[in-house]
Amino acid sequence: MIVMSIAGVDPSAGAGVLTDIKTFQAIGVYGTGIVTALTAQNPYKFFSTLPIDEEYISEQIDSVLDAYEVEFIKTGMLYSPEIIKLISKKIKEYNLKAVVDPVMVATSGGDLTKHDLAESLNKYLLPKAILTTPNITEAERLTDFEIKTAEDAIKASKKIVCNNIITGGHLDGINTINIEGNVKIKKQELIKTDNLHGTGCNLSAAIVAYLAKGNTLEDSILKSLDYVYESIKNGNYGTLIAKL
Ligand code: PXL
């Protein structure tokens, strides 16, 4: 089982492609990684971004898919509307099943893009996705609708153009899952910590790994919520580290 992450590189390895690969490995699938941008950052401070040319992102994708059979991918930081359009084209070309993490702002507060990506995500990428995994802020941007309560989250989930989970880290741990219009709530205990950097990346990567292992979309989401919860409890080093 070979999966793919298309995302940015966080050199501190808490977020982006590096943590995605660790999550894939921890769940037992082989991860490949396409780089959309380099960043200079640590969990507490975001310094800068260096985007990769679209042509070169395209070549990375083609080079991996030329050799490997991949069914499930996730997308993270995509940086620009042009890159979003490119990925949308590749999903169609290679018939990929994509989980889209609609990354717009880093946990540390750094902007991961200069652009307003919500419009192009809605127009080009989400209609082709099997799931999107916004947090509250991202769901608000995608829907232009303010989320203050659990009821608001349900309303927003119905406005999003594809299956979605709106994560509840900033809503008392209330995760809102909408699959084919059926909305379910999964509440989780919140863990007190100052290190949540990359937890969104790990969630979408875990979902892809569980899907590749043959789980249904709903089971993949539920197992991934547990996975990320356990990971945060263990210090959020991106993944669960095998006990030696
Ligand atoms: O968690 C969002 C995210 C995604 N991708 C990259 C990041 C971050 C947050 O810092 O750096 C590369």
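**The packing of the helices**

Guide: In this predicted model, the axes of H7 and helix H8 (residues 217-233) come within 8 Å of each other and cross at roughly 135°. An angle over 145° would count as roughly antiparallel, and H7 is therefore classed as oblique to H8. The crossing of these two helices, H7 and H8, is right-handed. On the side of H7, the contact is formed by Thr199, Asn202, Leu203, Ala206, Ile207, Tyr210 and Leu211. On the side of H8, the residues are Leu217, Ser220, Ile221, Lys223, Ser224, Leu225, Tyr227, Val228 and Ile232.

The crossing of H1 and H7 is right-handed. From H1, the residues that make the contact are Gly16, Thr19, Asp20, Thr23, Phe24 and Ile27. From H7, they are Cys201, Asn202, Ala205, Ala206, Val208, Ala209 and Tyr210. The contact of H1 with H7 contains eight nonpolar residues, four polar ones and one charged one. Asn202, Ala206 and Tyr210 of H7 take part in the contact with H1, and Asn202, Ala206 and Tyr210 are also listed in the contact with H8.

A further pair is formed by H2 and H3, whose axes come within 10 Å and cross at roughly 25°. This angle makes H2 roughly parallel to H3. The crossing of H2 and H3 is right-handed. Here Glu54, Ile57, Ser58, Ile61, Asp62 and Leu65 of H2 meet Glu82, Ile83, Leu86, Ile87, Lys90, Glu93 and Tyr94 of H3. The contact of H2 with H3 divides into seven nonpolar residues, one polar and five charged.

In soluble globular proteins, nonpolar side chains tend to be buried together. The largest nonpolar core of this model has 41 residues. Those with the most contacts inside this core are Met4, Ile6, Ile73, Ile87, Leu121 and Leu125. Several elements each supply at least two residues of the core, among them strand E1 (2-9), strand E2 (30-41), helix H2 (54-67) and helix H3 (81-94). The largest share, five residues, comes from H3. Ile87 of H3 takes part in the contact with H2. Neighbours within four places in sequence aside, Ile87 is in contact with Ile6, Ile57, Ile61, Thr75, Leu78 and Leu125. Another core, of 25 residues, lies apart from the largest one, and its members include Leu131, Ile165, Leu203 and Leu211. Leu203 and Leu211 belong to H7 and take part in the contact with H8.

Tyr79 lies in the loop between strand E4 (72-75) and H3. Tyr79 is buried, with a relative accessible area of 9%. The phi angle of Tyr79 is near 70°, a positive value in a residue other than glycine.

Conventions. Residues numbered from 1 in each chain as written. Predicted model: local features only at pLDDT ≥ 70, side-chain atom pairs only at ≥ 80, totals over all residues. Heavy atoms only, no water. Left-handed = near helix turned anticlockwise from the far one by under 90°. Helix = DSSP H or I, 4+ residues; strand = E, 2+ residues; numbered from the N terminus. Contact = heavy atoms within 4.5 Å. Nonpolar A, V, L, I, M, F, W, Y, C, P; charged D, E, K, R; others polar. Core = buried A, V, L, I, M, F, W, Y, C linked by side-chain atoms within 4.5 Å. Buried < 20%, exposed > 50% of the residue type's maximum accessible area, 1.4 Å probe, protein only. Axes fitted to C-alpha atoms, helices over the stretch in contact; angles between N-to-C directions. Parallel < 35°, antiparallel > 145°, perpendicular 65-115°, else oblique.
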